[in-house]
Amino acid sequence: MGRFSKVSMNILGISCFYHDSAACIVQDGQVVAAAQQERFSRKKHDPRFPKNAIKYCLEEARITVQDLDYIVFYDKPFLTFERLLMSYLTVAPKGLRSWLEAMPLWLGQKLYVPKVVKKEVGYEGDVLFTEHHEAHAASAFYPSPFDEAAILTIDGVGEWATASYGFGRGKDISLLKELHFPDSLGLLYSAFTYFTGFRVNSGEYKLMGLAPYGTPKYKDLILSELVDVKKDGSIRLNLSYFDFLGGLRMTNRRFARLFNGPARKPETEVTQREMDIAASIQAVTEKIILRIANHVYAETGQKNLCFAGGVALNCVANGRILREGPFENIWIQPAAGDAGGAMGAALSVWHRYLENDRPNPNGHETQHGSYLGPSFSNEMVKEFLKSKDYPYHELHPGNRARIIAEQIAAGKIVGYMAGRMEFGPRALGARSILGDPRRGDTQTVMNLKIKYRESFRPFAPSVLEEKASEYFDVDRPSPYMLLVASVKKERRVPQPSRDGMSMLERLKAKRSDIPAVTHLDYSARLQTVNQTHKPDYHAIISEFEKLTGCAVIVNTSFNVRGEPIICTPEHAYQCFMRTEMDVLAMEDFVLFKEEQPPWKEGDDWRSELELD
Ligand SMILES: [Fe+2]
């Protein structure tokens, strides 16, 4: 939006009070800014009212609260309340404790969203509401490159819906069918996340990463005992094994008996049982998603699919929809979880409530690479560095990419911050930590010395879009790291028999010529980097290729375990100094660890971060 063009309509979308609260501004139908509250408040998955994210969005749009025409909330709290009440009555008095624990928040805030909005941001107008899955659906369809598409949303639970499908055409979205609580694929996956000792609504990604270490030996047991999968992909959970109607836990004793023992305690050793469970629930999930995809295709007759909701972050399943499913194309909202609901709600008001046309996107998406958050100019970075007296070197457009690439090629781990922050859970080269994928030790060093996280967790490759098919079995861009593809056969190294090998031994075995980004099953969760969307990042990988012949680098989010991804130069510097990162590049400035003054901080900063 040009500075002098007059904007006639400002819509603010908000999602909050469950997990990953966020705000998004849509001006005359264009997404101008979107960000998650956690990046500002520094509390991971922060569910609180997104006050700072709203403040940022207003600043980016150069408006004040008084300029807002509509505020829209991504969920209908009264319907969710009704679901909680009905669930409680179903199991009463068993769920009394969790019911009582949830009530203060409901009576204090959740039921009174308009009042909270008025109080927190001083807004006097009406607050609109969309339904939860409607917001997810809008976030999947409107920014997509398709004029017409089938739409699928799958998550834990919204008000009542746990999945929905329909189709979009132009400005219209029609949702045809919903699956209702408690039958939920998202909750099923989360129950296993809980049972394997990871954190619900956050550790699902770890469970997916663990799956290739196991064999799906419990798959049939899950399908016979826990979940009945119908022909159309809809499911029915056997509630005698779960505890999410009334309990504070997700699974019960009967569930534990089925898997030969209690849930793994968080932070204890991951055993073969958890790996096999992970492989099993992942296999079941993929089976269900593929069945749903086939059904949605048959019902809508569309060749394109738009997908959102927390389950759409399961990039392994997404890769299978693309390879084995009926759709020609698939577009997934990168902020597929509840954060994206803020964007969906705002776009929904523009197109559905105000009935504004949506121009035919003609194959061009409007997510802008998901670089929709705050940026910091060279002047701001310089001012920060000078004010703190931190030694730095200034780079010039002519040598910037080259110098950063040289560091990566020399085996250095580089913190990289440039341009607008990503919207959604993945770092896409604006707030990333970069490394050399060819080195055998990169994965272990990055996991243990930089991220302070579990050693089994794989890293993602960023590859030049135009070179992607030389490294991976992929025939299309994957700009949002939401698709998994295999490393090409000729790059693989045959693996010895895994029997009797520990997880760490298996991890150390070289799997390809880019071992740091090749998972145990030769898969990689790919980001293709496009010159138009992210020229600075594209230039670094290009220079890295000139130096090494390799058009791939390792990309992991710029944070340590339990910490939200960094936002500002200050966050970046702090993370740089807290870890064994070697180099920090912020816009056109580069800092070397050995030149920095000693970092003084309490030894227990890590204990302040909640484990994720
Ligand atoms: Fe959701």
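## About the model

This is a predicted model, in which local features need pLDDT of at least 70, side-chain atom pairs count only at pLDDT 80 or more, and totals for chains, interfaces and linings use all residues. Residues are numbered from 1 along each chain as its sequence is written, and side-chain values use heavy atoms, with hydrogens and water left out.

## Salt bridges

Side chains of opposite charge can pair when their charged atoms come close. Here a salt bridge is a side-chain nitrogen of Lys or Arg within 4 Å of a carboxyl oxygen of Asp or Glu. The structure holds 29 of these salt bridges. Glu-120 belongs to helix 5 (residues 113-121) and Lys-51 to helix 2 (residues 51-60), so the pair ties together parts that are 69 residues apart in sequence. Helices (H or I, at least four residues) and strands (E, at least two) are DSSP runs, numbered from the N terminus. Glu-120 is partly exposed, with a relative accessible area of 23%, and Lys-51 is partly exposed at 44%. As for these words, buried means under 20% relative accessible area, exposed means over 50%, and partly exposed is in between (1.4 Å probe, protein chains only).

Another salt bridge joins Glu-545 and Lys-467, at 2.8 Å from N to O. Glu-545 lies in helix 19 (residues 535-548) and Lys-467 in the loop between strand 16 (460-464) and helix 17 (468-471), so this pair links parts that are 78 residues apart in sequence. Glu-545 counts as buried at 19% relative accessibility, whereas Lys-467 is partly exposed at 22%. Arg-438 and Asp-436 also form a salt bridge, their closest N and O atoms being 2.7 Å apart. In that pair, Arg-438 is partly exposed at 32% and Asp-436 is buried at 2%. Salt bridges also link Arg-402, Glu-406, Glu-543 and Lys-546 in a network.

## The iron site

Which residues coordinate the iron ion? They are His-132 and His-136, each through NE2, together with Asp-155 and Asp-338, each through OD, at 2.1 to 2.3 Å. Donors are N, O and S atoms within 2.8 Å of the metal (3.2 Å for Na, K and Ca); water is not among the atoms, so sites may look incomplete. Along the chain, the donors follow the spacing H-x3-H-x18-D-x182-D. His-132 sits in helix 6 (residues 132-141) and Asp-338 in the loop between strand 12 (329-332) and helix 13 (339-353), so the two tie together parts that are 206 residues apart in sequence. His-132 is buried, with a relative accessible area of 1%, and Asp-338 is buried at 6%.

The angles among the four donor atoms run from 92 to 169°, and the site is irregular. Four donors count as tetrahedral if all angles lie between 85 and 135 degrees; four count as square planar and six as octahedral if opposite donors are over 155 degrees apart and all others between 65 and 115; anything else is irregular.

## Aromatic rings

A search of the whole structure finds 23 aromatic pairs. In one of them, the ring centres of Phe-141 and Tyr-142 are 5.6 Å apart with their planes at 55°, so the pair is tilted. Rings of Phe, Tyr and Trp (its six-membered ring) pair if their centres lie within 6.5 Å; planes under 30 degrees apart count as stacked, over 60 as edge-to-face and the rest as tilted. Phe-141 is buried at 0% relative accessibility, and Tyr-142 is buried at 4%. For Tyr-392 and Phe-589, the centres are 5.4 Å apart and the planes at 85°, so this pair is edge-to-face. Tyr-392 lies in the loop between helix 14 (378-388) and strand 13 (393-394) and Phe-589 in strand 21 (residues 589-592), so the pair ties together parts that are 197 residues apart in sequence.

## Around strand 21

Strand 21 has Phe-589 and Leu-591 pointing one way and Val-590 and Phe-592 the other way, and all are buried. Two bridges join strand 13 to strand 21, and these strands run antiparallel; strands pair if DSSP finds at least two bridges between them. Glu-394 has Phe-589 as its bridge partner in strand 21.
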